[in-house]
Amino acid sequence: MTEPTTTVKPRSKGVWLALILVLLAGVAFAAAVVWSGGIDGVADMLGLGGDDVQVAIPITPEKPAAPQPDDAEKPAPAQEPTETADTEPADTAPAKPSAPAKPSAPAKGVGTLPISAAQAAMYREQLQSQVQIGKLVDGQVKSVAISTAATTATRSSIPLTVSYRSGGPLSGTMVLARTDGLWYFSSITAVGGGAMPPKPRSIDSGVVHTITSQQATAGNQSLINEGLVKGGFKTARVDGVTKGAGTATVNVTLLGGTLDRKEARFVMIAKEDSGRKYWFLTRFELK
């Protein structure tokens, strides 16, 4: 029995021709690579070489940084307005030397420094003593007899007998005030010594501080305490008065009592208020 046979249909001539051409092209390309010296030579033969053509290499490069313009081309940063008081350093410029402070009298007799109640009281009591202080400054007083003092913890009242260069004597009282352990001249009055002048409208703290600072010295404190409070001298003879611009010095000789005879002086300063001059005793010291 005859078995059936399978008939294989021959490939078309066109397919075979294409395969042959592909093989020939591959052989020709390989020969060209070998002959030209590599893939770069083939690229040159085909017109693909040159500076603008690069062979791609499958390597992932690092991400390049964003291009920065040259420093010369960078725009200047915008200047924002700033407040000098908040942003300017303290030492950016040397401080200009300030002009020396000029002493000036407070307006309308008003001082600028703080004072205590006791200091204000001394100022007012010296105002109450303007008649007798004025006579000392004018050279009208010839001598002062000093009696025994009546002293407490805060005040010492010393009876006086004031003799003038013209006219009879008058009885009076000198009062010393004690503050913080220090003695200060407070007032001097005489019975029938004359009418009081008008008072200034306010307390001049500059005058007050001059009085307290000058009388607080060791020399003043020794003379006031030993010579007046404790009765070291019994007589103050006025030898003469020297006046300056707003100052006056009453020169005296201290006699009697438990201490030896001494040359001393009362120093006064003047203050003008509303066209009138007022005198204040600032210190009592030995020469």
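Two strands are taken as paired if DSSP finds at least two bridges between them. The model is a predicted one.

Q: In β3, which residue is the bridge partner of Ala 150?
A: Strand β2 covers residues 150-151 and runs antiparallel to β3, with two bridges joining them. The two strands form a hairpin with three residues between them. In β3, the partner of Ala 150 is Ser 157.

Q: How many bridges join β3 to strand β4?
A: β3 and β4 (residues 170-179) run antiparallel. They form a hairpin with five residues between them, and Gly 167 in that turn has a positive phi of about 95°. One of the bridges pairs Arg 155 with Ala 177 in β4. The number of bridges joining β3 to β4 is eight.

Q: Which residue of β3 is the bridge partner of Ile 146?
A: Strand β1 (residues 141-146) is joined to β3 by five bridges, and the two run antiparallel. The partner of Ile 146 in β3 is Leu 160.

Q: Is the face of strand β3 that holds Leu 160 covered or uncovered?
A: β3 spans residues 155-164, and Arg 155, Ser 157, Pro 159, Thr 161 and Ser 163 make up its uncovered face. Leu 160 is grouped with Ser 156, Ile 158, Val 162 and Tyr 164, and the face they form is covered.

Q: How far apart in sequence are the parts that the pair of Tyr 123 and Phe 280 ties together?
A: The count of aromatic pairs comes to two. In one of them, Tyr 123 and Phe 280 are stacked, 4.9 Å centre to centre with 20° between the planes. Tyr 123 lies in helix α4 (residues 117-128) and Phe 280 in strand β9 (residues 276-286), so the parts tied together are separated by 157 residues.

Q: Is Phe 280 buried or exposed?
A: A residue counts as buried under 20% relative accessible area. Phe 280 has a relative accessible area of 0%, so Phe 280 is buried.

Q: Why does the pair of Phe 266 and Phe 284 count as stacked?
A: Planes under 30 degrees apart count as stacked. The ring centres of Phe 266 and Phe 284 are 4.2 Å apart. Because their planes lie at 5°, the pair is stacked.

Q: What is the relative accessible area of Phe 284?
A: Phe 266 is buried at 11% relative accessible area. Phe 284 is buried too, and its relative accessible area is 4%.

Q: Which strand gives the most to the lining of the largest cavity?
A: The largest cavity holds about 170 Å³ of space. Its lining has 17 residues, and those nearest its centre are Val 144, Met 174, Ile 188, Ala 236 and Phe 266. By class the lining divides into 17 nonpolar, no polar and no charged residues. With three residues, the strand that gives the most is β7.

Q: Which element supplies the largest share of the lining of the second largest cavity?
A: About 50 Å³ of space lies in the second largest cavity. Its lining includes Met 174, Gln 215, Phe 266, Arg 283 and Phe 284, and by class has eight nonpolar, one polar and one charged residues. The largest share, three residues, comes from β9.

Technical notes. Residues numbered from 1 in each chain as written. Predicted model: local features only at pLDDT ≥ 70, side-chain atom pairs only at ≥ 80, totals over all residues. Heavy atoms only, no water. Buried < 20%, exposed > 50% of the residue type's maximum accessible area, 1.4 Å probe, protein only. Helix = DSSP H or I, 4+ residues; strand = E, 2+ residues; numbered from the N terminus. Phe/Tyr/Trp six-rings, centres within 6.5 Å; stacked < 30°, edge-to-face > 60°. 1 Å grid on protein atoms, 1.4 Å probe; cavity = no way out; pocket = protein on both sides within 12 Å on 5 of 7 lines; lining within 4 Å. Points joined across faces, edges and corners; volume = space filled by probe spheres on them. Nonpolar A, V, L, I, M, F, W, Y, C, P; charged D, E, K, R; others polar.
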